[in-house]
Amino acid sequence: MSEPLIARRKPFLETVKQGKTYFWCRCGRSKKQPFCDGSHRGTDFTPLAYVAEADGEVLFCGCKHTGTAPLCDGTHNRLSERYEEAADDGPEVRMVNFEPCQAGALKAKLDGDCYVIRVPEAAQQIHGNLKLYPVIGSPDNARFLSQFAMRIDPGESPVMRFAGSDTALYVISGKGRLNVGGQAFSIGPESGACIKSGEALSITNPGPDPIALNLSVCPPCAAPEWLDRMPAAFDQSYPERVARVDEARREKMADRFFQVLIDHKSHGTEVTQFIGEIPRSRAAHHRHLYEETLTVLSGEGFMWTDETKAPVRPGDTIFLPRKQHHSLECTSEGGMRLVGVFYPSGSPAINY
């Protein structure tokens, strides 16, 4: 036996205690998954000892092919040519209507605290040439992140800062220059940028078209500080702040793709920002150990939870609390493209 058996494709969620040792099954034959029961005897495999660094929940690999043993790294999504899809004979669910909420935006509430939010331009708050709208935050029971929709008309925007939080910015349309602590960066469509805690930002729009952006802020912040001038604070440990979409860097996940733009490896932040591409399909229900927003860039479909669903279209933002049972369906022939942000940092491929 030179190859492990796939015990199951999804990982096992387990609660661990700090300092305790757990023996993870490598061979896949154990009847006490994800842990060893001695079934490896007579094979080339031995269990792997894992000492928990802290109390909490972890996802132990079930497919036995992870590159970060014993923990899941999303490899199970690459073991087949087609991403796992929902069964056709699932339970009936209720279509949720959009209801007016603050400042004229529309919101559809699904199970738990899962939402789909639509923000018309008229709902924006105005600060000089900058229009801002809080899409998701603490009033929606978001615990780890806030998200804002932002539009900048030609000219230089006011200086803003989210005190004590890291910010992941994503440009949906338009071109300009991002200023962080006196450092200038060119930004354009499909580019992300990271602003670290304690830093401020402003954006110059040379015109003639407006710049449309998303700002995701972790930990959550109700509103930015508006400053009279740009402070000099700039974390030189991460001098390059802009990441651009590059098909050569995208990662395969069965028949889906994603590219991480910002995370702890590239920018030293616990915020992960990524671009995702999904074909016409409906994913099987699953959960994540992180809190997440997904903003649809192209394509249409539905967000499903256990008992409800709501339509989604370009411009909509989906909020998913930690452990929310859900699936996203794309009904467009050309597929769906989205930008996602989650906290704490990790891989978009990891689910259970």
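This is a predicted model: local features need pLDDT of at least 70, side-chain atom pairs count only at pLDDT 80 or more; totals for chains, interfaces and linings use all residues.
Colleague: Which residue forms an edge-to-face aromatic pair with Phe60?
Modeller: Planes over 60 degrees apart count as edge-to-face, and the pair in question has 75° between the planes, with 5.3 Å centre to centre. One partner lies in the loop between E2 and strand E3 (48-51) and Phe60 lies in strand E4, so the pair ties together parts that are 25 residues apart in sequence. The partner of Phe60 in this edge-to-face pair is Phe35.

Colleague: How is the pair of Tyr22 and Phe60 classed, stacked, edge-to-face or tilted?
Modeller: The structure holds 9 aromatic pairs. In the one formed by Tyr22 and Phe60, the ring centres are 6.5 Å apart and the planes stand at 50°, so this pair is classed as tilted.

Colleague: How many residues apart are Tyr22 and Phe60?
Modeller: Tyr22, which is buried with a relative accessible area of 9%, belongs to strand E2 (residues 21-24), whereas Phe60 belongs to strand E4 (residues 56-60). The pair thus links distant parts of the chain, and the separation is 38 residues.

Colleague: Which residues form one aromatic cluster with Phe60?
Modeller: Phe60 pairs with Tyr22 and also with Phe35. The cluster that holds Phe60 includes both of these and one further tyrosine, so that its other members are Tyr22, Phe35 and Tyr50.

Colleague: Which residue lies over the face of Trp304?
Modeller: The residue concerned is placed at 3.5 Å from the ring centre of Trp304, and it is Arg282.

Conventions:
Residues are numbered from 1 along each chain as its sequence is written. Side-chain values use heavy atoms; hydrogens and water are left out. Rings of Phe, Tyr and Trp (its six-membered ring) pair if their centres lie within 6.5 Å; planes under 30 degrees apart count as stacked, over 60 as edge-to-face and the rest as tilted. Helices (H or I, at least four residues) and strands (E, at least two) are DSSP runs, numbered from the N terminus. Buried means under 20% relative accessible area, exposed over 50%, partly exposed in between (1.4 Å probe, protein chains only). A charge sits over a ring if NZ of Lys or CZ of Arg is within 6 Å of the ring centre and within 35 degrees of the ring normal.
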